[in-house]
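Let's take a friendly walk through this model together. Have the sequence and the 3D view open side by side as you read.

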Amino acid sequence: MMEESGIETTPPGTPPPHPAELAAAAVASTPLPLALATSIPPPVSPPPAAAFSNPPLSHFPASSSAPSTLLSAPSSGPPTSGFSVGAPYDITRGHAGRAPQTPLMPSFSAPPVTGMLPTPITQQASLTSLAQGPGTTSAITFPEEQEDPRVGRGQDEASAGGLWGFIKGVAGNPMVKSMLDKTKHSVESMITTLDPGMAPYIKSGGELDIVVTSNKEVKVAAIRDAFQEVFGLAVVIGEAGQSNIAPQPVGYAAGLKGAQERIDSLRRTGVIHEKQTAVSVENFIAELLPDKWFDIGCLIVEDPVHGIHLETFTQATPVPLEFVQQAQSLTPQDYSLRWSGLLVTVGEVLEKSLVNVTRTDWHLTFTGMSRRQMIYSAAKAIAGMYKQRLPPRTV
């Protein structure tokens, strides 16, 4: 070794001593003023070839070889292996007393991730280094992005729910519902026009169940059409009920009595249940003005479950006085039911007196409107009143 200004220099190829050891040797061999003056040498830049002569080790492990020391002292500074040798130290410049150097980026692999992430794939990242030269690569791993099947399944379920919600929203739209109702009504009208007998089957059903106290089609059909028009769906059937009054009732009281008696007779005989909703029709004649008689129909709706009882009347059809007088003359004075009316109906008299006139529908000849249409109009009105009095449905 050569001494220069009291500082020992190490030849090339020898690991450099620790800065703390170098400082201790300088202080020990030189007086205090000289040590302070000579312990700070001018900075000398190492040659590039010597600075990178030894490549750094991965993760900078501690050197296994014992360095040449002047004084035995425990190492307390940063590791010195993996750096350049032969460069003078400068304890005032940091970086372990030498010029800053950039070590190569070490190779590493990402730890395996369990769960939704797939097995990572290894990609080569090209890193140019002055020590290793161009083209040197370091293996860096990146996780491959793939769709999680659980997320996809959840999205599919959400998509399906969204579609179902969209369908329900469209179906609940008032405009769409109105269009569907109009289309349904148009199809039903076409079917019933081509085959009128299909109407009872198309609109039969629902929660409304009604019994008409007659088996005559002129009454049953008119009431069925009216209630199905108002309620949409309704089950309407006919059962023959007895009025227990004269065949031709006279006056409003007799008409009401006959219609109510038809309902009561069906309940008494057990033909219909005591809670069954029933509709009854009874025609009668009345002298509304002096010597001016009219035929009128009385309609009753009775719903014991909801406590509803309604009455209404059809339009009045004029009856010539001579036909009423003929019916009165054909009824005996001692007739037991004379208090309620006549033994012979006005329809029977008209059928015998006029050509092409039937006892069941003589109203068409006198007014141009059939009896069924008259009953239908009154039944539609009373069905509307009945619907208004029913409690609202709970969905």
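Helices here are DSSP runs of H or I with at least four residues, strands are runs of E with at least two, and both are numbered from the N terminus. Before going on, please keep in mind that this is a predicted model, in which local features need pLDDT of at least 70 and side-chain atom pairs count only at pLDDT 80 or more, while totals for chains, interfaces and linings use all residues. Residues are numbered from 1 along each chain as its sequence is written, and side-chain values use heavy atoms, with hydrogens and water left out.

Helix 7 itself covers residues 217–231. Its 15 residues should span 21 Å at 1.5 Å a residue, and the end C-alpha atoms are 20 Å apart, which agrees; the expected span is 1.5 Å times one less than the number of residues. Of those 15 residues, 11 are buried, so helix 7 is largely enclosed by the rest of the structure. Buried means under 20% relative accessible area, exposed means over 50%, and partly exposed lies in between (1.4 Å probe, protein chains only). Among the buried residues are Val 220, Ile 223, Phe 227 and Phe 231.

Two of these names come back in an aromatic cluster, formed by Phe 227, Phe 231 and Tyr 386.

How many aromatic pairs does a search of the whole structure find? There are 6. Rings of Phe, Tyr and Trp (its six-membered ring) pair if their centres lie within 6.5 Å; planes under 30 degrees apart count as stacked, over 60 as edge-to-face and the rest as tilted. One of the pairs, Phe 284 with Phe 313, is edge-to-face, at 6.2 Å centre to centre and 85° between the planes. This pair links distant parts of the chain, since Phe 284 sits in strand 8 (residues 277–289) and Phe 313 in strand 10 (residues 308–313), 29 residues apart. Phe 284 is buried, at 0% relative accessibility, whereas Phe 313 is partly exposed at 33%.

Phe 313 also belongs to a nonpolar surface patch with Tyr 252, Leu 256, Leu 288 and Leu 289, and together they have about 410 Å² of accessible area. Patches take residues with over 30% relative accessible area and no salt bridge, joining like charges within 9 Å and nonpolar side chains (Val, Leu, Ile, Met, Phe, Trp, Tyr) within 5 Å. A salt bridge is a side-chain nitrogen of Lys or Arg within 4 Å of a carboxyl oxygen of Asp or Glu. Accessible areas come from the Shrake-Rupley method with a 1.4 Å probe, and for residues only the protein chains shown count as cover. Helix 8 (252–268) and strand 8 each supply at least two residues of this patch. Tyr 252, in helix 8, is partly exposed at 37%.

Finally, look at two loops. Asn 244 has a positive phi of about 60° although it is not a glycine; its place is between strand 6 (235–238) and strand 7 (248–249). Asn 356, with phi near 60°, lies in the loop between helix 10 (346–353) and helix 11 (363–367). Asn 244 is partly exposed at 45%, while Asn 356 is exposed at 76%.
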